[in-house]
Amino acid sequence: MATSINITSRHLIDIVKYRVVWLCITAMLLLPGTIGLIWAAIHNEHHIPLKVGIDYTGGTILQYGVKEDISNTALGTIRTNLEKAGLENPNIQIIHANAENQKENKDIKNIISIRTKFIGQETSTVNKITEVLSQDYQNPDLISVSSVGPTLGKELFKNSLIALTLAFLGITIYLTVRFKFDYALAAILGIAHDVLFVTGAFALLGIFYNVQVDGLFITAILTVVGFSVHDTIVVFDRVRENLRYYSKKMSFGEIMNASVNQTLARSLNTSLTILITLLALYFFGGVTTKDFVLAMILGITIGTWSSIFFCSVLVEFWEDKKKKAVSAA
Amino acid sequence: MKNKIILFWAIVLIVIASIVTICVKPTKLGLDLVGGSRLVLEAETTKDIATITPDVMSRLQFAIENRVNKLGVAETVVQQVGDKRLLIEIPNVTDLKEAKAFLGETAQLVFKKEAVGKDGEQVWEDVGLTGQDLAKSTLSTDQTGQWVVSLEFNAAGSKKFADLTKALVGKQMAIFFDGELQSAPVIREPIYGGKAQISGGDSGFEYAEAERMVNLLNAGALPVPAKIVEENTVGPTLGADSIAKSKFAGAVGLGFVMLFMVLVYRLPGLIADIALIIYSLMLFALFKAIPVTLTLAGIAGFILSIGMAVDANILIFERMKEELRAGRNLFTAINSGFDRAFTSIFDSNMTTIITSVILYMLGSSIVKGFALTLAIGVVVSMFSAITITKNFMHLIFGTGELKYPALFGLKASEIGKAYEATETKRENARFGILD
């Protein structure tokens, strides 16, 4: 190493030298998802850039009374069969019938409640569902077909966005006080980067694999935001510390490089521990939470990238520009 | 050293308290995870409200929602079905009687004034003040320590109530619920501002009596009466099959994380694992004690906070390794590992707390559950990842030299070779002193 002071034992990544490369890779990572979002916004109903589930749109509840007991595995079978029959993301719940209520048909033991997108008057869809259930149950009795409003309406979505905006503002103020405005701005841009990547990925998944976004998606995004800020702050904290000791001996670029490399092991190990849990949930966990886990896997991975190759590069870039402006004057 | 032993026993006590809490208190899981009861309410018309308009329904939904979701977390789902029905899904409760008790009375509350009938007997006359004018009722005590029932009216109710009390000074005003007389306090003076108290006369209220009043008053704060038309118990919305699988997967994942910590960080990793187990116990006990109803979103917040607790330890251990490589002695390395990592742990956790407080205050139900568990989790994780781990490290390693670098996952040749040791000089004195 050419520098006289070497404060890290290992120099694996040169943030400063290849900053154009890193920024280009970042742009390339974001491009497909952004195109997907725009494409979907133009083509989707109501111009929503993501395929939204019944949590947001409301839908139809079909209730079938059956005489048999329903086990967990049988519930899984019903779900798979319905999906095979072409029903998108059916939300299935078992209602244990209360004998007093079933005045007409006292034999009914359980009610299979299926929530799906609006069916309206399409009897063909209803018939298809009845047919699927008839495979495993004797004469499933269609008790009711009713429409339900969204559990996550527009109002709720708007409130969440307002809350998120205020949270961003809070983070910006805190980081400006503890660090500098440049750092705060970089951290916020890092979050925006991660959220854009994950929503973009889901827009693409929606276009190509018909993946829907449900109420849990908001939670997944919030989790990603939480981690993203954490990662970024750890790097910035190291920069702040190194600046205190070495700002006279080293350039800002060198300090940034050293800090990223010093925190590299931590960044990778932390992300790895989270990814271990998430991958286990993805591969061994239930079907209903798969997309939720996938959103987090994508988000945590991209969050690690952005804290190392995006936020740090941004701060270094701005600092460099300022310095050049000063020396030019 | 003495302080450390005291702290150690304090931690042991906390663990025991947590385990007891976990054993004694029931777990509250959300509708998505365990299912519960499903009630359907139908709104009924009254003299004043002849038709059930969408506005009435949304006020009814709001009132019911406020009543059932006390912490504001998505415990109970209240959803409008059709024109005049509300679907209420209560998690955990599979006993329908209990479910109905939880929902509370759905009949309406009416205020009436004293009047004299044709034959000179006392009769009660409608005054146009009903349950929908009442904002809420709470149980409290007065200066003498007796139980009183506090009433708070909404804006419209406050005005009506002020006018009424002005006209009724010295007379009785009665509260009727479902047609039955509940209480008939005497108005002592005109009451402005919409806040009133009912005391139990000279003998005072029994606690149970006052509590019953409060429950009835709150129950009566519905815009229209409603009756239960359907009642069933339901399975989890996320599907029992999926949840069983995810439970297994979550356990496998956590197991791998613990293994990872031991493999990478060796003895400190093992200590962190123990701290993590204590952390989970404490958090779980807290969730049960508050009580927080755990939904999948809440569990996501929980997992995120576990991640942050692990992260704090990784930060500390990486720093310790660096300090050891730089040639500092074990005790100093442990202390500076904690001290140096503290600012980044603190700053990153502060942003998380800021975010979760804002999300809890403004977010919608699903976001609230997440924010609540995350905020509690982060606060507890600071304690476990810093205080508990540090205490265990000090008790195990004492002030001795590091004889076996492999315990930290380091090679003997790495120690003291890394970089100049100028960094911590300024704070050396502080780290060197035994606390």
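Chain B holds eleven helices and eleven strands, where helices (H or I, at least four residues) and strands (E, at least two) are DSSP runs, numbered from the N terminus. Keep in mind that this is a predicted model, in which local features need pLDDT of at least 70 and side-chain atom pairs count only at pLDDT 80 or more, while totals for chains, interfaces and linings use all residues. Residues are numbered from 1 along each chain as its sequence is written, and chains are lettered from A and ligands numbered from 1 in the order in which they are written.

How much of chain B is buried? Of its 435 residues, 45% are; buried means that 20 or more other C-beta atoms lie within 10 Å of a residue's own, exposed means 12 or fewer, partly exposed is in between, and the C-beta atoms are placed from the backbone. Now take the contacts, meaning pairs of residues whose C-beta atoms, placed from the backbone, lie within 7 Å. Among those in chain B with a separation of 6 or more, 73% link residues 24 or more positions apart.

Let's look at a sheet. Chain B has an open one of four strands in the order S5-S4-S8-S9, with antiparallel pairing; strands pair if DSSP finds at least two bridges between them. Strand S5 (122-130) and strand S9 (180-183) of chain B sit at the edges with a single partner strand each, so one side of each has no neighbour in the sheet. From one strand to the next, the twist averages 45°. Strand S4 (residues 109-116) of chain B pairs with S5(B) over six bridges, and Val116(B) has Gln122(B) in S5(B) as its bridge partner. Across S4 and S5 of chain B lies helix H5 (residues 155-167) of chain B, running at about 150° to S5(B); such angles run from 0 to 180 degrees between N-to-C directions, and axes are lines fitted to C-alpha atoms, for helices over the stretch in contact.

Next, see where the chains meet: 67 residues of chain B are in contact with 63 residues of chain A. On the chain B side, H7(B) gives the most, with 17 residues. That side has 35 nonpolar, 21 polar and eleven charged residues, counting Ala, Val, Leu, Ile, Met, Phe, Trp, Tyr, Cys and Pro as nonpolar, Asp, Glu, Lys and Arg as charged, and the others, Gly among them, as polar. Strand S2 (residues 91-96) of chain A and S11(B) run antiparallel, joined by two bridges, and His96(A) stands opposite Thr233(B) in S11(B).

Over in chain A, helix H6 (residues 181-209) and helix H9 (residues 290-328) have axes that come within 8 Å and cross at roughly 145°. Their contact has 16 nonpolar, six polar and two charged residues.

What about the largest nonpolar core? A core here is a set of buried Ala, Val, Leu, Ile, Met, Phe, Trp, Tyr and Cys residues joined through C-beta atoms within 7 Å. The largest has 150 residues, and those with the most contacts inside it include Ile221(A) and Ala275(B). Leaving out residues up to four places away in sequence, Ile221(A) touches Val195(A), Val198(A) and Ala295(A). A second, separate core has 21 residues, including Leu109(B) and Phe153(B).

Finally, why does Leu161(A) count as exposed? Because it has 12 C-beta neighbours inside 10 Å. Leu161(A) lies in helix H5 (residues 154-178) of chain A.

Technical notes
Two residues are in contact if their C-beta atoms, placed from the backbone, lie within 7 Å.
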